[in-house]
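Hello,

Here is the structure I promised to pass on to you. Have a look at it first, and then read on for my notes.

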Amino acid sequence: MEQVYVTRVELLGFERRVTPIRHYVYRLMVKWSDLSEKLIYRTYPEIHTFHKSLKEMFPIEAGQIEKRDRIIPSLPAPRWVENDKSRESKKSTVSEYCQALIQLPPHISRCSLLCLLFRVRPEDENPTAPSTYTIDKKKHKISGPIVLDTYRVIADFTKTSKHEINLHTGDLVEIVEKSPNGWWFCQFESKHGWIPASYLEPLDTPEEEEEADPNYEGELHVVTRSYKAEQDDEISLETGETIEVIHKLLDGWWVVRKGEETGHFPSMFLQIAGKKAAFERTNPHGTKLPPRRSTIRNAKSIHSRSKQGLTQDAYRRNSRRYLQQKSSRLPESRRPRSSTKSPLRERANIENIPESGSETEQKKAAPVIPPRPTRELILERCTDKTRKRVSLHSAPTASVS
């Protein structure tokens, strides 16, 4: 009997579920080669997990060996609700991704892993009642991942403005938007508002997946507002200074470098260098700085081991190592010239070794040995004692009769 495979996947919309926690599922109409049609429900994290497994099964087609051989479509990792601001980069939609999968060569589009993803499950036949339902009748697709991350509050937070929200330790909130300045817009029951990211932690692990590794090459930014360091690992900067951002942390306190000095600095006081209106940046909730995690009192985490970040000494050490390696890779003509001589040159001068590179130049620079002075010159210019010794040595020996 010929194997049944998927011939078409149509995205109808999405539903919002409230059990076991609030989440979204996509409504997919799957058409099979035996002409049957089945309605299934899948979450975006589930589709992305399948995507990672598919790349592991077909590493060549995923471009893991040669990027030019990649034919498997890309799919962005699940983060938060996509809005107009986050659509700067073109990302594949769920509908486009599913259609691209079906058009792949048969050894991929008809593989058991793909069929298992779209196969009907018991929960598809008896789905829970949705709280909301959204459908795009014109395009029949939803742009971007419609997924709300759930975070836990680690300490009581009292709002100080109408834009914020009161929360208590242990509350589970859904994150609608993660602003790079350290303020996140969240949803709790029927309330919405901003809260510092330092008051939140993921449910699964204390490690934050969206936080990238440090980039010691740095990205040029301009300081839009001066700030004086209040802690030892922070750095003081003045308005208009140009610095390099080497680590963008999600709590809004980025690690920056000025020369060889590094330190934490509030990201809301920074603007990418060369961007217009650098000093006119505003924030949706005023200019209040988000608190750092170390300043939160009575923080209670559900994880046995808290997140271990890099110390400022590690940032400085790694940054200096990178700058030294970068300087060693530059051509001699482009290396910065220093007024002080290197230890090798100083040692060469102490031993009176010429600084010329070739042996021929060293021979030419060697001093010439002067000729021995004549007897007449010695008698003319030397002292009486020296002239007597010269006279004795040069006097003829007397003959014995």
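Predicted model: local features only at pLDDT ≥ 70, side-chain atom pairs only at ≥ 80, totals over all residues.

Residues are numbered from 1 along each chain as its sequence is written, and side-chain values use heavy atoms, with hydrogens and water left out.

**The whole protein**

The protein has 10 helices and 15 strands (DSSP runs, H or I of at least four residues for helices and E of at least two for strands, numbered from the N terminus). Of its 401 residues, 36% are buried; buried means under 20% relative accessible area, exposed over 50%, and partly exposed in between, with a 1.4 Å probe and protein chains only. Among contacts with a separation of 6 or more, 61% are between residues 24 or more positions apart (contact means heavy atoms within 4.5 Å).

**Salt bridges**

The whole structure holds 10 salt bridges, each a side-chain nitrogen of Lys or Arg within 4 Å of a carboxyl oxygen of Asp or Glu. One of them joins the side chains of D124 and R42, at 3.0 Å from N to O. This pair links distant parts of the chain, with D124 in helix α5 (residues 122-125) and R42 in strand β3 (residues 37-42), 82 residues apart. Both D124 and R42 are buried.

Another salt bridge is formed by R121 and E46, whose closest N and O atoms are 2.4 Å apart. R121 lies in the loop between α4 (112-118) and α5 while E46 is in helix α1 (residues 44-57), so the pair ties together parts 75 residues apart in sequence. R121 counts as partly exposed at 24% relative accessibility, and E46 is partly exposed too, with a relative accessible area of 25%.

**Aromatic rings**

There are six aromatic pairs: rings of Phe, Tyr and Trp (its six-membered ring) pair if their centres lie within 6.5 Å, and planes under 30 degrees apart count as stacked, over 60 as edge-to-face and the rest as tilted. Y26 and Y44 make a tilted pair, 6.3 Å centre to centre with 50 degrees between the planes. Y26 sits in strand β2 (residues 23-32) and Y44 in helix α1, 18 residues apart. Y26 is buried at 1% relative accessibility. The rings of Y227 and W253 have centres 5.7 Å apart and planes at 65 degrees, so this pair is edge-to-face.

**Around R292**

Which residues does R292 touch, not counting those up to four places away in sequence? They are S198, Q231, D233, E234, W253 and H264. R292 lies in the loop between β15 (284-287) and α6 (312-329), and at 10% relative accessibility R292 counts as buried. E234 forms a salt bridge with R292, with the closest N and O atoms 3.1 Å apart. E234 is in the loop between β10 (219-223) and β11 (242-247), 58 residues from R292. D233, E234 and R292 are linked in a network of salt bridges.

The charged end of R292 also sits over the ring of W253, 5.7 Å from its centre (NZ of Lys or CZ of Arg within 6 Å of the ring centre and within 35 degrees of the ring normal).

Enjoy exploring!
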